[in-house]
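Please look over the model below before reading my notes. The points go from the whole chain to single residues.

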Amino acid sequence: MLPRFLLGLGLGFGTSALTYAITADGALTAVLGITVAVLIWFGVFILDELL
């Protein structure tokens, strides 16, 4: 569980940094970063329901 948490945290931060570098929009940066992190954290549950 911890590796998935760290992966989500890292990719969420990376997405936020990239978005902020391109757009400099704080709200968009926060929304995209949180969305990526949450989708990775809960991805295992989503995949179990789909398969």
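The numbered points below describe the fold, the surface and a few residues.

1. Basis of the note. This is a predicted model, in which local features need pLDDT of at least 70 and side-chain atom pairs count only at pLDDT 80 or more, while totals for chains, interfaces and linings use all residues. Residues are numbered from 1 along each chain as its sequence is written, and side-chain values use heavy atoms, with hydrogens and water left out.

2. Overall fold. The protein has three helices and zero strands. In sequence order the pattern is α-α-α. Helices (H or I, at least four residues) and strands (E, at least two) are DSSP runs, numbered from the N terminus. The C-alpha trace spans about 40 × 20 × 10 Å along its principal axes.

3. Surface. The protein has 51 residues, and 18% of them count as buried. Here buried means under 20% relative accessible area, exposed means over 50%, and partly exposed is in between (1.4 Å probe, protein chains only). The accessible surface is about 3,900 Å², and carbon and sulfur atoms account for 79% of that surface. Areas come from the Shrake-Rupley method with a 1.4 Å probe; for residues, only the protein chains shown count as cover.

4. A buried threonine. Thr 19 sits in helix α1, which covers residues 2-23. Why does Thr 19 count as buried? Thr 19 is buried because its relative accessible area is 10%. Leaving aside residues up to four places away in sequence, Thr 19 touches Ala 24, Leu 28, Thr 29 and Leu 32. Contact means heavy atoms within 4.5 Å.

5. The aromatic pair. Rings of Phe, Tyr and Trp (its six-membered ring) pair if their centres lie within 6.5 Å; planes under 30 degrees apart count as stacked, over 60 as edge-to-face and the rest as tilted. The count by this rule is one aromatic pair. Phe 5 and Trp 41 form this pair, stacked at 5.2 Å centre to centre with 15° between the planes. The pair links distant parts of the chain, since Phe 5 is in helix α1 and Trp 41 is in helix α2 (residues 26-41), 36 residues apart. Phe 5 is partly exposed, at 38% relative accessible area, and Trp 41 is also partly exposed, at 25%.

6. The loop residue. Ala 24 is placed in the loop between α1 and α2. Most residues other than glycine have a negative phi. Ala 24 counts as exposed because its relative accessible area is 53%.
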